[in-house]
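Thanks for coming. I will go through one protein model this morning, piece by piece. Please keep the picture open while I talk.

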Amino acid sequence: MDPSRPLLRRGAFLSSSAHAVAAIILIAFLLITLLRLPLSLSTPPTPLVDSHEDQEQECDLSSPLDCADPRLFHLMMRSTIDAFPAVHFARFGRPVPGDPPSSSCDMAWRARSNSSTATASPTATTKDYRRFTISLNPRTCAYSVVSIGDYHSGPNARKPRPGASNVTAAAPPPPPLSRAQFAAAAYLSYHGGGGRCKPMPHYTRSLLCAPAEARYLNRTLVLDPTLCLAAAYTAAGLPGEGKLLAFYFDVDHLRSSSGAGIVEELHFWEDWDRWGAQGQLGLRLVEDTRVAPTKFSKAKATLIVRKFGDVEPGNYWYHVCEGKAERVLAPPHLAIRLAPSLMSIVDAIISSMQPDFDSVHADANAAEDLKWKIEESIDAGRQVYLAGEGVNMVLVEALKANHSNLHYLDQFQGLWGKDSKWFLDMKRLNGGVPVEFDGYMRELVDKEVFLKGKKRAQVQL
């Protein structure tokens, strides 16, 4: 064997080993270099700052609050739920700036409530909107709720009802009609009658008969928007002339639900004096309530006037819907609904109690016997609303000895006092003249709250 070969193999081996070591050293050097370099995809390190300086922010306490901030919205919702643990909230509306906007937001909500109608949905709700006083921490800009206002204290969050008119001011008169417009319509007017200044059940019975006939005849009803309140309802004990129908009932709902067009009497006669008084348009006079509308349903006259005589009781409007006419005239009872102003008082009273309160209606005024009968109807620990003519302070004090959760109408006098929203709204509606919260308003509100009770009891002697 050639002695040089082993030496050649060893040299090759040594040469390859040196190359391997060099390669390993080079790879290690490259790895170390790469690890020391910042990666292009990584976020550059942020300098450390003093945590105290990071917490301090400059908050402009004079600028309007951001009521649309979700954090503030959630805080207001939590504060409301904590403040009213007995209320079952259905939903909350988005907060809006209050007054002043730098420290308040208004928010509306709906809460589940009982309904006074048998056909109403079991999920019926009542609405409220309140003003929240908000404070802002000048160091951290954190929100906190200082207080929640009273019922309906946040009007900026109130959404107007579709098609509803402004109840705080008289509606502007409609524009005058041209002769062609006026003559194209047909009208029905009731004149006179013995229902003036009668008790309100009598008035409403007559009021509902008129649109029933107008609907059957396919005519627009000429309606007097005022009424005479019976003396029994007024503080002076005298008939109250000139009361607006809108004080008591929802006129917009009456117009839309009665099935007949309605025009106010004053505006109609102004147009009639312009176009019909000179005999240019036809007029038919009906002077007997016993004449059924079927007898003149095809009359071509522009105006039909039912003239009621002076002899009672035959001159009451509701007689028109009796007898043979009863088969074709159906008074729209569902068209009568409380005025929005009175419903606001009803909602405020209910809001002050548990949503599932009970109610008792007392029709007598003998304290001891009535007290015993009412106590039979009251469950211990429940909130109870006492309604009816039999409720007086003697009875209330006697019942409070054993039942602390009692409520009654006079307990809420602030809702219609001289500083209340109701009083100011009615004054504007009445042309600047203050409106008395009269006996019929009391009766309507009292009855409506009673009907909204979960368990209702009628007590009589």
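Start with the aromatic rings: Phe182, Tyr187, Phe268, Trp269 and Trp272 are joined into a cluster by ring pairs. Before I go on, this is a predicted model. In the whole structure there are 21 aromatic pairs. One of them is made by Trp422 and Phe437. How is such a pair described? By how far apart the ring centres are and by the angle between the planes. For Trp422 and Phe437, the centres are 5.3 Å apart and the planes are at 90°, so the pair counts as edge-to-face, a label that applies over 60 degrees. Trp422 belongs to helix 11, residues 421-429, while Phe437 is in the loop between helix 11 and helix 12, so the pair ties together parts that are 15 residues apart in sequence. Both Trp422 and Phe437 are buried.

At Tyr318, the charged end of Arg205 sits over the ring, 3.7 Å from the centre.

Now the cores. The largest nonpolar core has 59 residues, and the members that touch the most others are Tyr248, Ile349, Tyr385, Trp422 and Val445. Which helix gives the most to this core? Helix 5, residues 200-217, with eight residues. There is also a second, separate core of 15 residues, and Leu72, Leu75, Cys105 and Tyr143 are among its members.

Back to Val445. Leaving out residues up to four places away in sequence, Val445 touches Leu342, Ile345, Val346, Ile349, Leu409 and Phe437. Val445 is also one of the buried residues of helix 12, along with Tyr440, Met441, Leu444, Asp446, Glu448, Val449 and Phe450. At the start of helix 12, a side-chain oxygen of Asp438 comes to within 3.0 Å of the backbone nitrogen of Tyr440.

We can check the length of that helix. Helix 12 covers residues 439-451, which is 13 residues, and at 1.5 Å a residue it should span 18 Å; the C-alpha atoms at its ends are 18 Å apart, so the two agree. The check also works for helix 3, residues 70-83: its 14 residues should span 20 Å, and its end C-alpha atoms are 20 Å apart. In helix 3, the buried residues are Leu72, Phe73, Leu75, Met76, Met77, Ser79 and Thr80.

Next, two aspartates. Asp106 is part of strand 3, residues 104-112. Is Asp106 buried or exposed? Its relative accessibility is 0%, so Asp106 counts as buried. Its side chain makes a polar contact with the side chain of Arg131, at 2.7 Å. Setting aside residues up to four places away in sequence, the residues that Asp106 touches include Arg94, Pro95, Arg130, Gly154 and Asn156.

The other aspartate is Asp150, in the loop between strand 5 (143-148) and helix 4 (179-184). Asp150 has a relative accessible area of 61%, so this residue is exposed.

Last, the overall counts. The protein has 12 helices and 16 strands. Of its 461 residues, 37% count as buried. Among contacts with a separation of 6 or more, 68% are between residues 24 or more positions apart.

How values were computed
Residues numbered from 1 in each chain as written. Predicted model: local features only at pLDDT ≥ 70, side-chain atom pairs only at ≥ 80, totals over all residues. Heavy atoms only, no water. Helix = DSSP H or I, 4+ residues; strand = E, 2+ residues; numbered from the N terminus. Expected span 1.5 Å × (residues − 1). Buried < 20%, exposed > 50% of the residue type's maximum accessible area, 1.4 Å probe, protein only. Polar contact = N/O pair within 3.5 Å; in protein donor to acceptor, adjacent residues only side chain to side chain. Contact = heavy atoms within 4.5 Å. Phe/Tyr/Trp six-rings, centres within 6.5 Å; stacked < 30°, edge-to-face > 60°. Lys NZ or Arg CZ within 6 Å of the ring centre and 35° of its normal. Core = buried A, V, L, I, M, F, W, Y, C linked by side-chain atoms within 4.5 Å.
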